[in-house]
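Subject: Structure to look at

Hi there,

Here is the structure I promised to pass on. Have a look at it first, then read my notes below.

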Amino acid sequence: MTLSVSSLNNQIKSLLETTFFSFSVEGEVSRITYHSSGHLYFTLKDENSSISCVMFRGNNAKMKFRLEEGMAVVVHGGISVYTPRGNYQINVSKIELAGEGALALAYEQLKKDLASKGYFENKKQIPKNIKKIAIVTSTTGAALQDMLRVAQKRWPLVKIIVIDTIVQGEGCGNIIASNIQKADTLGVDVIVVGRGGGSLEDLWGFNEEIVANAIFQAKTPIVSAVGHEI
């Protein structure tokens with residue numbers, strides 16, 4: 001039996017995609033392209049071979065770090081075949097660093113980027129006489145009660161405005177940044193941004209660039225109380 005090209009490619013697609021639908025593979029990253037569509041394209045290679053990879057926008061948006069040339073990574077995904085050209089690639093769902101933690105790398109990458117923009121220079125001075133404080137934190141956390149107790153003990157006349165804020169979980173960075181912007185309009189002398197302790201993942205919302213932007217753009221001095229202990 002003689003097959004058409006389309007028929008052959010369709011059979012190859014069916015075979016590869018059902019056989020290699022979920023796997024993990026380790027290699028070195030090269031030829032990285034962050035496309036304007038939001039998709040990420042790169043090549044994964046070792047000393048003897050290479051394979052094309054794509055991470056579509058939805059999964060790429062969840063990445064905590066940016067790929068860099070030569071990174072050693074573990075890629076999770078499955079084979080997809082583009083039948084019109086007979087090409088196959090890895091459709092990537094998740095990327096992890098081989099060795100160093102992804103969050104630690106993301107933190108260092110962001111810190112380097114913000115430093116190049118001058119974010120850590122010319123810090124705002126904390127006023128000596130503080131009459132009004134805005135606290136951006138969760139109203140249900142132990143950290144707030146500790147801060148209120150200390151404030152009452154040290155300076156009972158101080159006025160405190162609490163802005164209830166989600167401080168953990170997906171999307172909390174946007175909420176933290178928005179509430180910093182809100183606090184900046186209240187005419188307070190200083191803003192305290194904080195929450196109790198937790199893992200690096202728990203505290204990650206405070207490490208997002210949108211939060212750094214809100215802090216940098218605020219006119220009011222801001223004090224961090226993230227990772228607060230009783």
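Before I go on, a word on where the values come from. This is a predicted model, in which local features need pLDDT of at least 70 and side-chain atom pairs count only at pLDDT 80 or more, while totals for chains, interfaces and linings use all residues. Residues are numbered from 1 along each chain as its sequence is written, and side-chain values use heavy atoms, with hydrogens and water left out.

**More on Lys-131**

Lys-131 counts as exposed, at 64% relative accessibility. On that scale, buried means under 20% relative accessible area, exposed means over 50%, and partly exposed is in between (1.4 Å probe, protein chains only). Which residues does Lys-131 touch, leaving aside its neighbours within four places in sequence? They are Leu-157, Val-158, Lys-159 and Asp-189, where contact means heavy atoms within 4.5 Å. Lys-131 and Val-188 are 57 residues apart along the chain, and their C-alpha atoms are separated by 7.8 Å.

Now set that beside another pair. Asn-10 and Glu-121 are 111 residues apart along the chain, with 58 Å between their C-alpha atoms. Asn-10 belongs to helix H1 and is partly exposed, with a relative accessible area of 42%.

**The whole protein**

The protein has six helices and nine strands. Helices (H or I, at least four residues) and strands (E, at least two) are DSSP runs, numbered from the N terminus. The C-alpha trace spans about 90 × 35 × 30 Å along its principal axes. What radius of gyration does the protein have? The value is 24 Å, whereas a compact globule of 230 residues would come out near 17 Å. The radius is taken over C-alpha atoms, and the globule rule is 2.2 Å times the number of residues to the power 0.38.

Of the 230 residues, 34% count as buried. If you take the contacts between residues at least 6 apart in sequence, 67% of them join residues at least 24 apart. The protein exposes about 14,200 Å², and carbon and sulfur atoms supply 52% of that; the areas come from the Shrake-Rupley method with a 1.4 Å probe, and for residues only the protein chains shown count as cover.

**Charges and salt bridges**

There are 24 positive and 22 negative side chains, and the centres of the two sets lie 10 Å apart. Lys and Arg count as positive and Asp and Glu as negative, with His and the chain ends not counted. The place of a charge is taken as NZ of Lys, CZ of Arg, CG of Asp or CD of Glu.

How many salt bridges does the structure hold? It holds six, a salt bridge being a side-chain nitrogen of Lys or Arg within 4 Å of a carboxyl oxygen of Asp or Glu. Here are some of them:

- Lys-13 and Glu-17 pair up at 2.8 Å, N to O. Both lie in helix H1 (residues 5–19), four residues apart, about one turn of the helix. Lys-13 is partly exposed at 28%, and Glu-17 is partly exposed at 24%.
- Glu-209 and Lys-117 meet at 3.1 Å, N to O. Glu-209 is in helix H6 (residues 209–217) and Lys-117 in the loop between helix H3 (102–116) and strand E6 (132–137), so the pair ties together parts that are 92 residues apart in sequence. Both ends are partly exposed: Glu-209 at 31% and Lys-117 at 44%.
- Arg-149 joins Asp-146, with the closest N and O atoms 2.6 Å apart. The two are three residues apart in helix H4 (residues 142–154), about one turn of the helix. Asp-146 is buried, at 9%.

Salt bridges with shared partners also link Asp-113, Lys-117 and Glu-209 into one network.

**Two backbone angles**

Most residues other than glycine have a negative phi. Arg-31, which is not a glycine, has a positive phi of about 50 degrees. Arg-31 lies in strand E1 (residues 23–34) and is exposed at 66%. Asn-122 also has a positive phi, near 55 degrees. Is Asn-122 buried or exposed? Asn-122 is exposed, with a relative accessible area of 75%, and sits in the loop between H3 and E6.

Cheers
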